[in-house]
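Work through the exercises below with the structure open beside you. Try each task before you read its solution.

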Amino acid sequence: MAFFEEIGKHITQAGQGVAQQTKNLTDTARLSAAVSEKEKQIQKLYTQIGQAYYERWDGETDVPESEKMEQIRTLQAEIDQCKKDMNQIKGVRECPNCHAEVKEGNRFCNYCGAKL
Ligand SMILES: [Zn+2]
């Protein structure tokens, strides 16, 4: 009889072990998701800090990270040129007032009515 009680005890312990492992996995997954979410929030804040710093920058080269800010300025100019090229291919231009896409040759913006 003691033999069967021993086996029963082992099975119960094994079951508790599986339950504990499942709980540990769930807790770990929850904590891992929390870490990811908080890291994302930090990245967003870093971006906001960087953007605020960049927007205050007026082209001086003797400030920290001025090389990276030069890179941003160059990349932004390249993006603007790509957009202009795309607009030319599509036969549209950007409204200077509302930034909507307006057909090339229009005298007024279809969206805000601004004179082009
Ligand atoms: Zn407009």
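The exercises cover a metal site, charged pairs, an aromatic pair and one serine. Keep in mind that this is a predicted model.

**Exercise 1. The zinc site**

Task: Find which residues coordinate the zinc ion, and name the geometry of the site.

Solution: 
- Step 1. Look for the donors. Cys95, Cys98, Cys109 and Cys112 coordinate the zinc ion, each through its SG atom, at 2.3 Å.
- Step 2. Check the angles. The four donor atoms make angles of 106 to 115°. Four donors count as tetrahedral if all angles lie between 85 and 135 degrees, so the site of the zinc ion is tetrahedral.
- Step 3. Compare with the ideal. For four tetrahedral donors, the ideal angle at a metal is 109.5 degrees.
- Step 4. Read the spacing along the chain. The donors follow the pattern C-x2-C-x10-C-x2-C.

**Exercise 2. Salt bridges**

Task: How many salt bridges are counted? Describe the one between lysine 90 and glutamate 101, then look at pairs within helix 1.

Solution: 
- Step 1. Side chains of opposite charge can pair when their charged atoms come close.
- Step 2. Give the count. There are seven salt bridges.
- Step 3. Go to lysine 90 and glutamate 101. Their closest N and O atoms are 2.8 Å apart. Lysine 90 belongs to helix 2 (residues 66-90) and glutamate 101 to strand 2 (residues 101-103), so this pair ties together parts that are 11 residues apart in sequence. Glutamate 101 is partly exposed, at 42% relative accessible area.
- Step 4. Move to aspartate 27 and arginine 30. Their closest N and O atoms are 3.9 Å apart. Both residues lie in helix 1 (residues 2-56), three residues apart, or about one turn of the helix. Aspartate 27 is partly exposed at 23%, while arginine 30 is exposed at 52%.
- Step 5. Glutamate 37 is partly exposed at 38%, and lysine 40 is exposed at 56%.

**Exercise 3. The aromatic pair**

Task: Classify the ring pair of tyrosine 54 and tryptophan 57.

Solution: 
- Step 1. A pair of aromatic rings is described by the distance of the centres and the angle of the planes.
- Step 2. Give the count. There is one aromatic pair.
- Step 3. Read its values. Tyrosine 54 and tryptophan 57 are 5.9 Å apart centre to centre, with 35° between the planes, and the pair is tilted.
- Step 4. Tyrosine 54 is partly exposed at 22%, whereas tryptophan 57 is buried at 10%.

**Exercise 4. Serine 66**

Task: Where does serine 66 lie, and which residues does serine 66 touch?

Solution: 
- Step 1. Serine 66 is in helix 2.
- Step 2. Check its accessibility. At 9%, serine 66 is buried.
- Step 3. List the contacts. Leaving out residues up to four places away in sequence, serine 66 touches Trp57, Glu60 and Thr61.

Note on methods
Residues numbered from 1 in each chain as written. Predicted model: local features only at pLDDT ≥ 70, side-chain atom pairs only at ≥ 80, totals over all residues. Heavy atoms only, no water. Phe/Tyr/Trp six-rings, centres within 6.5 Å; stacked < 30°, edge-to-face > 60°. Buried < 20%, exposed > 50% of the residue type's maximum accessible area, 1.4 Å probe, protein only. Salt bridge = Lys/Arg side-chain N within 4 Å of Asp/Glu carboxyl O. Helix = DSSP H or I, 4+ residues; strand = E, 2+ residues; numbered from the N terminus. Donors = N, O, S within 2.8 Å, 3.2 Å for Na, K, Ca; no water. Tetrahedral: all angles 85-135°; square planar, octahedral: opposite > 155°, others 65-115°. Contact = heavy atoms within 4.5 Å.
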